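Dear colleague,

I am passing a structure on to you, and I would be glad if you looked it over before reading my notes. They follow below, grouped by topic.

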Amino acid sequence: MIDKRLMNEMPEAKRFVFYQVAMQWIGMLCNVVLVFALTYLFVNVAQRTLQMQHIWIVSVVVAFAILVRFYVQGKASDFSHAASCDVKNHLRTRIYTKLLEMKNSYSSHVATSELVQLSVEGVDQLEIYFGRYLPQFFYSMLAPITLFIILVWMDVYSSLVLLICVPLIPMSIIAIQKFAKKLLSKYWGRYASLSDSFLENLQGLTTLKIYQADAYKHEEMNKEAEEFRRITMKVLTMQLNSVSVMDIVAYGGAAIGSIVAIQGYLDGRVSLYGVICIVLLSSEFFIPLRLLGSFFHIAMNGIAASGKIFRLLDLPAVEKKEGKIQDDMIDVVVSNVNFGYEEDRQILHGINLNVKHGQFVSIVGESGSGKSTIAKLIVGLAQGYKGSICVGNQERNQLDDSSFYEHVMYVTHKPMIFKGSIRENLAIAKDNLSDTDMLEALKKVQLYDFIIEQGGLDMQLVESGNNLSGGQKQRLSMARALLADRAMYIFDEATSNIDMESEDAILSLIHEMAKTKTILMITHRLSTVVHSDCIYVLEHGSCKESGTHEELIQLNQTYALMFKKQQELEAFYGGEQHA
């Protein structure tokens, strides 16, 4: 069971596999030498012709064979490790590179949980495939032929019987493979589905608890786990049965060959030395293939995993874009843009807007109006729009992302905070940042005092920064964005779902940045956009109004009604709190 693409994909691992086979073959020859030497000693004892020099010769030969065998076993282990490391490094690098090429579009083809599973356990299965199965496969083909060539001079008949019985093992493997291929495909499918459900339920555990739906999801998980247990037991049963079949073939073949050799000795056709050598080495015809059979399920798992990995690697690459932003004088012009995440459901309808260099432009509207979709199209997180989006006189779908992000910073309401220190989280903003730069940024987002109390820049953050509040995470994200020092900033609901203190600090900073940077702010809070140079009002994916705050209030349509309603709500809740 050899996958040609896998072999071609791993040229270095292939080299280590053949080195390992060579070491195993030399080790087998050492076993043959040991058997020949000890049999020679035994025959001399039986025939009462043993002399001291025989003992010395046999001792030297045995010692030499044992030392060589010990050395080649060590080298075979080293080559196996080298092949395994090469496979892991090569495949994980290929997967990582593919994800970088595809960016966020990978999620429409493969679930994140399945991707993690393939990158970890799937690659580990292929590590075993190259490190153990493939060397054993080639060695198990080479060993019987070598033994036949050696033993045929002692007895043609028994050697032929042993050689003829050897193919019965791969024949049984091929027969099992037809059944196992479908079974293991189902196994990986159920495994991926269970992993996906587990990750989703774990991430949504708080929500499930709030709605008291955790028991329902628990039952669903139990059903999926039970299905996975059943398919796993079928796989194990298949493996056990295949091992039993191969044991019968292996030991039966060795027994038949030995019987033929013994009969030859009784008929006077085979010498005592020959019959003992054949009997002792008969199992060596079958042990390599028997061991190969025990690796069979590993190989099948590896092939199943490789199929999924190659499906990911074969996904069409995102077209490389050559467009470059030439300077920081960036204008963004959106002209007659239509877009939908699904072909039959349009989100944006004929959107036109203009963000000139140095302006503070805002996009407002109710939830679901398409505000964030515009931001995603501009930053390249959504693809396939119709119309034109020009950034710095370059069409966005022809603009290199690296060039774009050198000039534009995108800040969302879901900041990514990494496990590690405050310093490590801030250092990714820009090369060669000093502690002074970082502390100054923390002061601007009003996070300095808290960080200093907690140990300064060496304060350790847990996964996702969960030892910070939501507002503190958002302010840390703002400090990082500030340190990046881009020409243009796009804030997508950057003050959503945080406390009033954090919101005030962030808004104050955004308005200060607007004096020197180009700002595109997307929000549903109209009180934060009053001082914008231009406000675009979205409704059901269309731009209904645009202008300054004063112009839109005088127009007394959608924006004015929204603004008045929000003021009334804020006054109402403010009055409640005051009371």
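**Cavities, sheets and single residues**

The count comes to two cavities of 30 Å³ or more, where a cavity is, on a 1 Å grid over the protein atoms alone, a set of points where a 1.4 Å probe fits but cannot get out, with grid points joined across faces, edges and corners and the volume taken as the space filled by probe spheres set on the points. Please keep in mind that this is a predicted model, in which local features need pLDDT of at least 70 and side-chain atom pairs count only at pLDDT 80 or more, while totals for chains, interfaces and linings use all residues. Residues are numbered from 1 along each chain as its sequence is written, and side-chain values use heavy atoms, with hydrogens and water left out.

The largest cavity holds about 40 Å³ of space. Its lining, meaning residues with an atom within 4 Å of a point, consists of Lys321, Leu377, Gly380, Ala382, Gln383, Tyr385, Arg396 and Asn397. These divide into three nonpolar, three polar and two charged residues, on a scheme that counts Ala, Val, Leu, Ile, Met, Phe, Trp, Tyr, Cys and Pro as nonpolar, Asp, Glu, Lys and Arg as charged, and the others, Gly among them, as polar.

Turning to the strands, an open sheet is formed by four of them in the order 2-1-4-5, with antiparallel pairing. Its edge strands, each pairing on one side only, are strand 2 (348-355) and strand 5 (394-395). Here helices (H or I, at least four residues) and strands (E, at least two) are DSSP runs numbered from the N terminus, and two strands pair if DSSP finds at least two bridges between them. Strand 1 (residues 332-339) and strand 4 (residues 386-391) are joined in the antiparallel sense over five bridges, and Val333 stands opposite Cys390 in strand 4. Helix 11 (residues 371-379) lies across strand 1, strand 2 and strand 4, and runs at about 65 degrees to strand 2; such angles run from 0 to 180 degrees between N-to-C directions, with axes fitted to C-alpha atoms, for helices over the stretch in contact.

Ser335 belongs to strand 1 and counts as partly exposed, at 28% relative accessibility, given that buried means under 20% relative accessible area, exposed over 50%, and partly exposed in between (1.4 Å probe, protein chains only). Leaving aside residues up to four places away in sequence, Ser335 touches Ile351, Asn352, Gly387 and Ser388, contact meaning heavy atoms within 4.5 Å.

Elsewhere, strand 6 (residues 408-412) is largely enclosed by the rest of the structure, because four of its five residues are buried. Strand 6 pairs with strand 9 (residues 488-492) in the parallel sense over five bridges, and Thr412 stands opposite Asp492 in strand 9.

Thr528, in the loop between strand 10 (518-523) and strand 11 (534-539), is buried, with a relative accessible area of 4%. Most residues other than glycine have a negative phi. Asn432, however, has a positive phi, near 60 degrees, and sits in the loop between helix 13 (422-427) and helix 14 (435-444), where it counts as exposed at 79% relative accessibility. Gln446 likewise has a positive phi near 60 degrees; Gln446 lies in the loop between helix 14 and helix 15 (448-453) and is partly exposed, at 47%.

With best wishes

Notes. On a 1 Å grid over the protein atoms alone, a cavity is a set of points where a 1.4 Å probe fits but cannot get out, and a pocket is an open set with protein on both sides within 12 Å along at least five of seven lines; lining residues have an atom within 4 Å of a point.
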